[in-house]
Amino acid sequence: MPAYDPSNIFARILRGEIPNDTVLETPHTLAFRDIRPQAPVHVLVIPKGAYVSYDDFAANAPDAEIVDFHRAVARVTRDLGVDLDQGQGFRAITNAGEHGVQEVPHFHLHILGGRSMGRMVQPG
Ligand code: AMP
């Protein structure tokens, strides 16, 4: 696992150095709108802890942070109306590393919805 780089843009958001459009904040998790939305709903959910990628988070975060993160995801989908009780669904994506084409090396889950998201992966 590469070392966590505390100068990444989401670490700066968490330190309050850069503004963000917050959707939800919990003790261990922050959800905010993506600055370049690719769907009517495009929110990033991030742990406040320093984890490079999903596998880093899943392997190394304390249980309380993992539970808080996933409960926050559920609240975000409900609050933004893309959950399956009141909405028409969403796609959750996380990119990791070079082959995952991860831009920001702080674990984040994209929640995309508000329209059909099409096929999951483009060829090639
Ligand atoms: P990824 O390729 O999965 O690492 O995606 C990084 C995402 O972060 C992209 O969708 C960017 O549009 C988004 N992003 C980058 N900087 C910011 C920012 N300051 N506020 C909100 N979203 C951002």
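**Exercise 1. Contacts along the chain**

What share of the contacts in the protein chain with a separation of 6 or more comes from residues 24 or more positions apart?

*Solution.* Keep in mind that you are working with a predicted model. Take the contacts with a separation of 6 or more; residues 24 or more positions apart account for 52% of them.

**Exercise 2. Elements and overall form**

List the elements of the protein chain in order, then work out how its radius of gyration compares with the globule rule.

*Solution.* Start by counting: there are four helices and five strands. Read from the N terminus, they follow the order α-β-β-β-α-α-β-α-β. Next, the globule rule gives 14 Å for 124 residues, and the radius of gyration is 14 Å, close to that value, so the chain is as compact as a globular protein of that length. To finish, note that 38% of the 124 residues count as buried.

**Exercise 3. A look at helix H3**

Check the length of helix H3 (residues 63–79), then find its buried residues and what covers them.

*Solution.* Step one: H3 has 17 residues, and at 1.5 Å a residue it should span 24 Å; the end C-alpha atoms are 24 Å apart, which agrees.

Step two: pick out the residues under 20% relative accessible area. In H3 these are Glu 65, Asp 68, Phe 69, Ala 72, Val 73, Val 76 and Thr 77. Now look at the spacing: an α-helix has 3.6 residues a turn, so residues three or four places apart point the same way.

Step three: the cover over these buried residues includes helix H2 (54–60) and strands E1 (22–25), E2 (29–33), E3 (41–47), E4 (90–93) and E5 (109–113).

Definitions and conventions. Residues numbered from 1 in each chain as written. Predicted model: local features only at pLDDT ≥ 70, side-chain atom pairs only at ≥ 80, totals over all residues. Heavy atoms only, no water. Helix = DSSP H or I, 4+ residues; strand = E, 2+ residues; numbered from the N terminus. Rg over C-alpha atoms; globule rule 2.2 N^0.38 Å. Buried < 20%, exposed > 50% of the residue type's maximum accessible area, 1.4 Å probe, protein only. Contact = heavy atoms within 4.5 Å. Expected span 1.5 Å × (residues − 1).
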